[in-house]
Amino acid sequence: MTQEMSERIDVFLENYREPLPEYLSDMKKYAFENHIPIMSDFTADILKYIIKTTSPQKILEIGTAIGYSALFMSEASNNNTKITTVELMEKRYVIAEEYFKKFDNDSSILLIKSDAMEVINELLEKDEKFGVIFLDAAKGQYPSFLPGLISLLEKGGVLVTDNIFHNGAVLDSRYAVSQRDRTIHDRIRQYLEMLKNNDETETITLPIDDGIAITKKVD
Ligand code: SAM
């Protein structure tokens with residue numbers, strides 16, 4: 001599909017998307033103006049679909065940034081859903097905290113200001129389980145996160161992994177990318193390989209936007 005066709009489809013589909021609450025549109029604008037990476041509208045559509053059709057009691061997000069996706073998921077959830085979201089970078093979580101104070105009216109969001117690996121291990125120790133997990137952090141760490149995240153998923157639960165194509169660069173030749181990106185791409189490939197070989201889960205990788213892997217823990 002050409003770039004032009006893909007943009008026309010975006011515009012077409014926009015007509016059939018429920019409009020965002022005003023504060024989420026404002027957050028999106030703020031993120032864009034301040035070069036803060038947040039999920040795309042397509043990732044948002046998929047998360048919303050999964051949340052609406054599975055009604056999870058608990059959601060875990062790795063990578064809060066300024067809280068856009070956490071608040072979006074809270075809007076898509078029913079009143080009983082609790083969302084735990086993890087962010088390492090102080091300059092981002094202070095902003096998220098402010099947004100949660102203002103807009104998380106039913107206090108459904110718990111922000112943990114820490115490194116995801118530590119949090120995953122703590123949650124495992126507490127034997128917590130989640131119906132939906134949204135993985136949207138440093139791609140290079142995905143293989144180390146994966147075994148823990150699968151254990152944290154309840155049976156039938158869904159793990160959504162964003163930006164699996166690393167802005168398309170994962171498709172480039174190994175020789176055309178920097179050493180750092182090469183390492184990240186190796187880890188993304190390793191992550192997809194781990195998912196492919198995992199008996200507890202079933203995964204589909206969708207070539208939508210920047211690539212989204214949807215993994216279900218099978219019963
Ligand atoms: N999910 C957010 C949204 O759509 O609104 C965007 C998240 S942004 C793409 C990724 C975030 O993950 C960054 O803010 C980064 O600081 C955070 N991050 C990266 N590695 C992390 C780690 N090991 N632990 C916690 N947060 C991490």
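Let's start with a space. The largest pocket holds about 910 Å³ of it. Keep in mind that this is a predicted model.

What lines that pocket? There are 34 lining residues. Closest to the centre of the pocket are Pro37, Asp136, Ala137, Lys139 and Asn163. Now the elements. H4, S2 and helix H8 (179-197) each give two or more residues to the lining. Sort the lining by class, and you get 14 nonpolar, 11 polar and 9 charged residues.

Next, the ligand. Where does the ligand sit? In the largest pocket. Two elements give two or more residues to the shell around the ligand: helix H4 (68-76) and strand S2 (82-87).

How many residues are around the ligand? The count is 23. Met39, Gly63, Ser69, Glu87 and Asp136 come nearest. By class, this shell has 13 nonpolar, 5 polar and 5 charged residues.

Let's go to single atoms. Take Asp136. One of its polar side-chain atoms is 2.8 Å from a nitrogen atom of the ligand. Glu61 also points us to a ligand nitrogen: here a polar side-chain atom lies 3.4 Å from a nitrogen atom. With Met39, look at the backbone. A polar backbone atom of Met39 is 2.8 Å from an oxygen atom of the ligand.

How much of the ligand's accessible area does the protein cover? On its own, the ligand has 600 Å² of accessible area, and the protein covers 93% of that.

How values were computed:
Residues numbered from 1 in each chain as written. Predicted model: local features only at pLDDT ≥ 70, side-chain atom pairs only at ≥ 80, totals over all residues. Heavy atoms only, no water. Near = heavy atom within 4 Å. Polar contact = N/O pair within 3.5 Å; in protein donor to acceptor, adjacent residues only side chain to side chain. Areas by Shrake-Rupley, 256 points an atom, 1.4 Å probe, with all protein chains shown as cover. 1 Å grid on protein atoms, 1.4 Å probe; cavity = no way out; pocket = protein on both sides within 12 Å on 5 of 7 lines; lining within 4 Å. Sits in = over half its atoms within 2 Å of the grid points. Helix = DSSP H or I, 4+ residues; strand = E, 2+ residues; numbered from the N terminus. Nonpolar A, V, L, I, M, F, W, Y, C, P; charged D, E, K, R; others polar. Points joined across faces, edges and corners; volume = space filled by probe spheres on them.
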